[in-house]
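The sequence and structure come first.

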Amino acid sequence: MPISGSVIDADNYNALSDAVITLTGPGGVRTTSPGAAGTFEFKRCPEGDYTIKVELDGYKTYEKAFRSPMSTQDIIDIVSIRLKNLKSRKRTRTVDYTRYDELMRSLSYSPAHAKLLLEEVNKTFTPEDEEYYAAYKYAGAALAKSDLIGSISCFETAIEARRRYFPFVTRFFYQLYPEKTANMDITNLATSYAQHGLLNSAIRLLEVNKDMARDPMSRATYLCSLGTFYNLNDEPEKAIEAVMPVAEILKSGQKLTENDSAWHKIYKVDKDDPKWLQKQQSKQKEAFEKTLKPIESNTENIMKVLAEWQYVYVLATAYFRQYDFEKALPYLVEYQNLNKEKDKLLGNTLKHTIAKTPVYLPDSVKQLIKESEEFRSLVESEFSESSAYVISLMKLGRKNEALQASIGFHDKAIYYHLNKEFGMSQQSYADLSDKLRTFSESKHFGKAVVNLEQRQNDDYVKLLCASGKFKEANEKILGDLRSKEQDLERYFISFSEGQRKEFMKDFNKSLHLYYSMLLSFADQDQARVLEVLNKSLQTKGLILDITRSQTSILQSVTDTLVIAQLARLKDYRDKQAAFTQQIQQAMTPALTDSINRYAVITDELQRKVNEKLGIATTLIQPVSWQKIQAVLKTNEALVEIVRIERENFMFDKPVPQYWAFVIKGGTSSPAALYLGEGDDFELRSLKRYQNLIRSQSDDNDSYNVYWKQISDAVGKSRVYLSSDGVYNMINPLTLRNPTTGKFLFEETDLVRISTGRDLLKKKLAALPITSVALLGNPDFLMNRKNSVNKIELKSFDLEEVASAGSGTRAGFSALPGTKQEVDVIAQLAGNKKVNIQRLEGPEATEAKVKQLKNPGVLHIATHGTFDNRKMVDSYLQSKLILAGAGDQDFFTLADYKQYEDGFLTAYEVTQLQLPKTQLVVLSACDTGLGEVQAGEGVFGLQRAFQLAGAKSVLGSLWKISDEATVNYMESFYNSYFGGATVQQAYNFAMTKTKAMFPHPYFWGAFVLNSEN
């Protein structure tokens, strides 16, 4: 049956068509807007409990709960919904504004000033007050660069106040434009994330709140902000895609600015108001008539130019970041022209405002306006930022045009740099610093000056390196690196793991500039190369270290608040996993929005949990190669692989370059080996290796490419290998030495470790194996909706997007070989009197796996899969496929409340209780794959089991042979249960399997990762 009614606004204050009516009930969440007469209808509403809510201008004006079929009173209520009056709420209590006004008039974008303002606001005002909201927004902006957590907290406080209390209690006029205000709040928070390198967080935040930007100008600004963040995140293709709708907005001819009537609402004088309020409103109206109304007709033109300027900037930057200078140049030319037009329009506006400023405005505000014009003029004439334009012209060989385009000091510095007139370039930077000093002490523009200095800092470092002034460059880069390391120490513990990845990606840009400088510096001072090694030993694998530490703390947490937050966090991540699995069948907007929304929620909640937990440790330890060498025996060597985005300091695209540092026990100094660079080393050679493995063909090249130099340096030593980049995607043990005809595992005892720092950890004695859990031969076609696969204690509700998709279907071939594999292992374990738990057929479910607690060995033999789409969270990309995953019956979002879906994601693995588990074996395809990040290894199933507590994890890099794997596992466990270490059993399994299946495709798929 339908549910219908109408909306009435007796005050005619708002356009009824702008109202949003939301109905929540058995059919999910549905929204509509009333027609011209205020009527609305929801069709096909089954019997059940409902809530109807009406929002207007972002303010909840009506809410009612009822049951269908409706009672007579419910029908009467809904047939005529009378909206609350949105007229501004006026202050009724006595408030002393003196100190607040004084602080606001002397605005200074400094953390100290922000704290003073917040202290005053928290004493005098409440979240219902406009002053409270404005102060927290200001403080968020002031703290953005110096205190990320403080900035986020301030913006979140302001956003929550607006969400709950808009329109605010004010002194004298109405609060308008709630959508624009909300959009600006979200953009400010996203910018705060972006300033600290958390660009994925900024992007998701904007995507989740995309519906806030509805009017044309807000929409254009929103899309351009999104495009800018994509560019900063090195995703220029997405940036271009994001801003394409802006072109349509500009072409449409629709008005970008708000309706003129809005001003009349602000300055309306109500006769019923107190005399003092009428007087104040009249005063504001007079000010408007003198200052803003004369330029109101020009506002649309300014908005249009600003929208075009933002749009063209994103496109120019996107092509420039792809080093496609031909495509970037036309947009850069247009950007220069629009920049001049924008500055002219804004300059005229400022001049008019100065000339017409009412006499009663404070002198401090008048002075601020004057200083703003002076600073704007200076920026226009001497701080002109056209470096991308100049670089593009120079790269295209158009030197004369580049010289003419070099207006500002920075532009000239870039021109002289690329023309190899290094002395002239350095002089231009010196002139720029002198001019910046003019405003560096300004309380209003000091922050802008800092931003200008930071924008040219990396370029200045490149100049120093290009001109051979490495000592000076080293000093400046180390200063920047120390600042970023301080941020890392300050924030890293409280970040979610996803945010840690983002931060390290940004941190690595500074790190790679430092490495590039050191490698070039080595031509003058060879010892500088080893500074690359020391810094890698200090920073590689930080995310894994800190996440492991916090995971171990969680095992014994007793704080009730943290326990409650962890329960909520699990529910949210479970939702995200469910949506991700569903989206593989149909990528609907509703599911995409839900994934993004819960990514934002989980990151924020994880941050709060981590802040509560904390860890008393110094993240960046003073590790040096000498400390590593001191623990190595004379027959041992550490091979530290470092992938570097190598700069040539001439504004060309950095080239991925690989170095191996070999530290041997008993030697005087490490060896630094340049291995290779570029696509040939990282892509084409890798593809050739993988193709020859899959086709079971001979490979006589890969050894020379990836290992020959290392082999010559390590000799007969036992090798501890700390991989990076492409070395995470190959198994070096499968490389065949063309000289001897032997594979590496036959010539070298190799142990994989996460980072060289692992060698400094206290070695842990292996616990005796008393229990083994074996999973194999899952019944993929089993109906998921049965008691074996039932979830206990899951409380989340997924009906919010119930209309988004019909369900998941999949089909997977049976794996009878895994039954044989489990039988063999069970027999070997039984011979050793080990307790055995078998999960097979319909028992091989997610629910059963999640009930396991600390088996000595966990062996999982099934299918594995890896989803390489970038939008999916790293720990939701890798999955083990268990019983019921191929069920042909629809599995809807509602089913997730009661049953598992058969896909055990890496995220779900991190929640398992395995702190006493010695070994996990993933006898499945592609379980060693995942998202590879420089300096951090692979984010996937193997890492997830390590985070769950497992000491050693065996996973595969490619699809494995069913028959060969049975033989491999029999050999492995025969050795392991016979008393060998995991490493010895691993080597033995390869040797025995190779005797029956000679090609490395059969015996080399598995890689072993151990904590210690």
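A salt bridge is taken here as a side-chain nitrogen of Lys or Arg within 4 Å of a carboxyl oxygen of Asp or Glu. By this rule the count comes to 35 salt bridges. The model is predicted, so local features need pLDDT of at least 70 and side-chain atom pairs count only at pLDDT 80 or more, while totals for chains, interfaces and linings use all residues. Residues are numbered from 1 along each chain as its sequence is written, and side-chain values use heavy atoms, with hydrogens and water left out.

| Pair | Closest N to O |
|---|---|
| K304 and E308 | 2.6 Å |
| K850 and E900 | 2.9 Å |

Helices (H or I, at least four residues) and strands (E, at least two) are DSSP runs, numbered from the N terminus. K304 and E308 both belong to helix α12 (residues 293-321), where four residues, about one turn of the helix, separate them.

Accessibility is classed as buried (under 20% relative accessible area), exposed (over 50%) or partly exposed (in between), with a 1.4 Å probe and protein chains only. K304 is partly exposed at 36%, whereas E308 is buried at 18%.

Because D749 lies in the loop between α30 (744-747) and β14 (750-753) and R718 in strand β13 (residues 718-722), the pair ties together parts 31 residues apart in sequence. D749 is partly exposed at 31%, and R718 is partly exposed at 27%.

K850 and E900 are also bridged. This pair links distant parts of the chain, 50 residues apart: K850 is in helix α32 (residues 846-851) and E900 in the loop between β19 (878-881) and β20 (903-905). K850 is partly exposed at 27%, but E900 is buried at 6%.
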